[in-house]
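This report looks at one strand and its partners, then at a pocket. Please keep the structure in view while reading.

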Amino acid sequence: MQIKAADDIQPELRALEALLSRPDVDARTRERIEQEIRNMRAGARGEGDAAYEIEFEYGKNQNRMTIHDLRIEVDGRVAQIDHLVINRLLDIWVCESKNFAGGVAINEHGEWVAIYWRNRYGIPSPVEQNRRHIAVLADVFAKGIVPLPRRLGITINPQLSSLVLVSNQAQISRPKARAAAQVDGLDSVIKVDQLRAKVEQAFDKRSVAAYAKLVSQETLETFARQLAALHVPAYFDWAAKFGLPPVAPKPPVPQLDPARASSPRNRR
């Protein structure tokens, strides 16, 4: 059951496109703005594809709550979480979705390289990004910002798990088996269409004792709505980011040549 959909990115895209029409934008800055627009659209496509898969599986399931595009702030730290899937045991799957045109390669040191057609370039590890998101989310529960449900007099502490969702069309290149075992979090990197199997397999492996902590559907929904209510939309000062003044300079007013202004033809 979807609790929150992703925020609309169109206002941000319009703000960036408005910068492109400013007369004080030089060629280099224009390239940077255009790249920002491409990155934003690509990210939205990746998140949208993952959200579609998640809602296809869980959109009508009242035993699973889903939250998309959750941005929370705790004590100066920020987490921009792409997707959450929560079940009645309060298992919370924190999902970071990535869209790569060609694929992604991960080496034995846990370093990531994105592949776009024939171009390859290093990117921050989504596994580490998600680890930081989980740390902020854990703070939310530790500080009581979202009250934790109780069952049979016992407080139920959420179990937070990480998943990095790569688009179905992309290729994932991993280190060989022996080296892969040394890379922390590599098993959390999956294709989007493997999400349901991963989540349900983990649920089925929980011990029989864990099911004594199963909360009701109503409690689960209340918990998820309280968590979604923490969302703080991001504000971007795009002009400042690209080194531009807040207001575009007015174009110069054309000046009429005094000699032409005084000619008989111009006085008619």
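Strand 4 (residues 91–98) is mostly covered, with seven of its eight residues buried. Buried means under 20% relative accessible area, exposed over 50%, partly exposed in between (1.4 Å probe, protein chains only). Strands (E, at least two residues) and helices (H or I, at least four) are DSSP runs, numbered from the N terminus.

This is a predicted model: local features need pLDDT of at least 70, side-chain atom pairs count only at pLDDT 80 or more, and totals for chains, interfaces and linings use all residues. Residues are numbered from 1 along each chain as its sequence is written, and side-chain values use heavy atoms, without hydrogens and water.

Strands 3 and 4 form a hairpin with three residues between them. In the turn, Leu90 has a positive phi of about 60°.

Now the pocket. On a 1 Å grid over the protein atoms alone, a pocket is an open set of points where a 1.4 Å probe fits, with protein on both sides within 12 Å along at least five of seven lines; lining residues have an atom within 4 Å of a point. The largest pocket has a volume of about 1300 Å³, the space filled by probe spheres set on the points. Its lining counts 42 residues; Asn39, Met40, Gly43, Ala44 and Glu47 lie nearest the centre. Helix 2 (residues 27–58) gives the largest share, ten residues.

Methods:
Pairing = 2+ DSSP bridges.
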